[in-house]
Amino acid sequence: VFNPLTGTVTSITITDGNGVDNSAVFISGFARVFGGSLNGSNSSLGGYFLILQRDDNPAFSSPSNLTYTSGTCYIETPNGIVSAAIGFGGGGHVSFLDDALTAGTTYYYRLVLYPNGVGITSGTYDVYQQDLSVIQIKR
């Protein structure tokens with residue numbers, strides 16, 4: 001399940017299109033993810049993907065995944081008779097140079113979190129900080 005991160009939607013309208021003599025957009029974003037409320041079975045791992053998406057519709061009805069990074073924020077390992085669980089802070093950064101742009105189109109970008117845990121039985125991946133910025137680069 002893709003979980004859009006609150007406060008990361010940003011947009012930009014390119015007036016001159018793409019190519020050597022036109023604009024591109026540099027996108028940079030990050031999120032801090034904490035797994036302290038996760039619970040898992042013996043030998044479990046709380047992993048996730050942080051994905052940058054683009055769409056030309058503010059509702060993100062058919063987004064394109066541009067790039068991603070991955071991380072972990074929870075681990076539970078065997079420790080004799082019981083297991084030891086550790087939730088910790090993870091994080092991720094993505095950056096992307098988008099030069100496949102059409103003149104006059106407004107593009108919307110956002111970050112989404114995709115949980116990818118193994119053996120996770122309950123809890124949430126908590127995001128405490130997130131940000132996404134776009135910069136138009138003109139020739």
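# Sheet, aromatic pairs and salt bridges

Lys138 is exposed, at a relative accessible area of 52% (buried is under 20%, exposed over 50% and partly exposed in between, with a 1.4 Å probe and protein chains only). The model is predicted, so local features need pLDDT of at least 70 and side-chain atom pairs count only at pLDDT 80 or more, while totals for chains, interfaces and linings use all residues. Residues are numbered from 1 along each chain as its sequence is written, and side-chain values use heavy atoms, with hydrogens and water left out.

**Salt bridges**

- The count comes to 2 salt bridges, each defined by a side-chain nitrogen of Lys or Arg within 4 Å of a carboxyl oxygen of Asp or Glu.
- Lys138 forms a salt bridge with Asp16, with 3.5 Å between the closest N and O atoms.
- Because Asp16 is in the loop between E2 and E3 and Lys138 is in the segment after E10, this pair ties together parts that are 122 residues apart in sequence.
- Asp16 is partly exposed, with a relative accessible area of 22%, whereas Lys138 is exposed.
- The other salt bridge joins the side chains of Arg54 and Asp98, at 2.7 Å from N to O.
- Arg54 belongs to strand E4 and Asp98 to strand E7, so the contact ties together parts that are 44 residues apart in sequence.
- Arg54 and Asp98 are both buried.

**The sheet E7-E3-E10**

- An open sheet has 3 strands in the order E7-E3-E10, and the pairing is antiparallel. Strands (E, at least two residues) are DSSP runs numbered from the N terminus, and two strands pair if DSSP finds at least two bridges between them.
- The edge strands are E7 (89–98) and E10 (126–137), each of which pairs on one side only.
- On average, neighbouring strands of this sheet are turned by 10 degrees against each other, direction ignored. The axes are lines fitted to C-alpha atoms, and angles run from 0 to 180 degrees between N-to-C directions.
- Strand E3, residues 24–34, pairs with E10 in the antiparallel sense over 11 bridges.
- Within that pairing, Phe30 has Asp131 in E10 as its bridge partner.
- Phe30 is found in strand E3 and counts as partly exposed at 32% relative accessibility.
- Phe30 and Ser70 are 40 residues apart in sequence, and their C-alpha atoms are 11 Å apart in space.

**Strand E8 and its partners**

- Strand E8 (residues 106–115) is largely enclosed by the rest of the structure, because 7 of its 10 residues are buried.
- Strand E1 (residues 3–4) pairs with E8 in the antiparallel sense over 2 bridges, and Pro4 has Val112 in E8 as its bridge partner.
- Strand E2 (residues 10–13) runs antiparallel to E8 and is joined to it by 4 bridges; Thr10 stands opposite Tyr109 of E8.
- Strand E4 (residues 39–55) also runs antiparallel to E8, with 8 bridges joining the two.
- The bridge partner of Phe49 in E8 is Tyr114.

**Aromatic pairs**

- There are 5 aromatic pairs by count; rings of Phe, Tyr and Trp (its six-membered ring) pair if their centres lie within 6.5 Å, and planes under 30 degrees apart count as stacked, over 60 as edge-to-face and the rest as tilted.
- The ring centres of Phe2 and Tyr114 are 5.3 Å apart and the planes stand at 45 degrees, so the pair is tilted.
- Phe2 lies in the segment before E1 and Tyr114 in strand E8, so the pair ties together parts that are 112 residues apart in sequence.
- Phe2 counts as partly exposed at 42% relative accessibility, and Tyr114 counts as partly exposed at 29%.
- One aromatic cluster is formed by Phe2, Phe49, Tyr68 and Tyr114.

**Nonpolar surface patch**

- Phe26, Leu97, Ile135 and Ile137 form a nonpolar patch on the surface, and their accessible area together is about 350 Å². Accessible areas come from the Shrake-Rupley method with a 1.4 Å probe, and for residues only the protein chains shown count as cover.
- Patches are made of residues with over 30% relative accessible area and no salt bridge; like charges are joined within 9 Å and nonpolar side chains (Val, Leu, Ile, Met, Phe, Trp, Tyr) within 5 Å.
- Leu97 is found in strand E7 and counts as partly exposed, at 47% relative accessibility.
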